Amino acid sequence: MNMSFLTEEKDGTLHFLCNTNTVIKISKEDLHLLESKNWYINKIGKTKYLVAASWNKRTKKQGTYYFHRIIMKPRAKFVVDHINGNGLDNARKNLRIISHKNNIRHRIHINKNNKLGVIGVHLNGRLKFKKYTAKIKVDYKDIHLGNFVTLKEAKDAYEKGKVKYHGQY
């Protein structure tokens, strides 16, 4: 993949433009990793990631290496979370190691069958006046947060519930 340098932020985050007109961000200290492999962009679901393929001589299999995992080196059963949801923003300030459970809680993308465009809120056709219902999932159980007249009220209730039940994630 061809990349050209665009700019550098004050904190040392480097911006590169790749041949797909996509901007990639990395920390200055990780520049040597970018130069060490042939990287490409891989889309998984709705998120794009910077990845490299490499042949493992010992196992005789091709492996996929994610740039963010090489940088952060998470232990087994942990994942690297892109705080802003952009899988191509691999600046260290945007990455954190968390459990898979907390990573799912932090998801930004909305399910494709969501008609309202808001996570945790759905239309309740059975109620006459309070037609928006907010709920949140905690340890595989749905917690009812209330029924609301407006979409904004329901969204605010979900956001409060998210802080209460999920904390910072």
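Two strands are taken to pair if DSSP finds at least two bridges between them. The views below show a predicted model.

View 1. Strand 3 pairs with strand 8 in the parallel sense, over 2 bridges. Within this pairing, K25 has D89 of strand 8 as its bridge partner.

View 2. Strands of a sheet pair through backbone hydrogen bonds, either parallel or antiparallel.

**View 3. The antiparallel pairings of strand 2.** Strand 2 (residues 13–18) pairs with strand 1 in the antiparallel sense over 5 bridges; here C18 of strand 2 is the bridge partner of M3. Strand 2 also runs antiparallel to strand 3 (residues 23–27), and 5 bridges join the two. In this second pairing, I26 of strand 3 is the bridge partner of L14.

**View 4. The hairpin of strand 2 and strand 3.** The hairpin has 4 residues between the strands. N21 takes a positive phi near 55° in this hairpin.

**View 5. The surroundings of K137.** K137 belongs to strand 11 (residues 132–138) and is partly exposed, with a relative accessible area of 48%. Not counting residues up to four places away in sequence, K137 touches D142 and H166. The side chains of K137 and D142 are joined by a polar contact of 3.2 Å. From C-alpha to C-alpha, K137 and Y165 are 8.9 Å apart in space, while 28 residues apart in sequence.

Note on methods
Residues numbered from 1 in each chain as written. Predicted model: local features only at pLDDT ≥ 70, side-chain atom pairs only at ≥ 80, totals over all residues. Heavy atoms only, no water. Buried < 20%, exposed > 50% of the residue type's maximum accessible area, 1.4 Å probe, protein only. Contact = heavy atoms within 4.5 Å. Polar contact = N/O pair within 3.5 Å; in protein donor to acceptor, adjacent residues only side chain to side chain.
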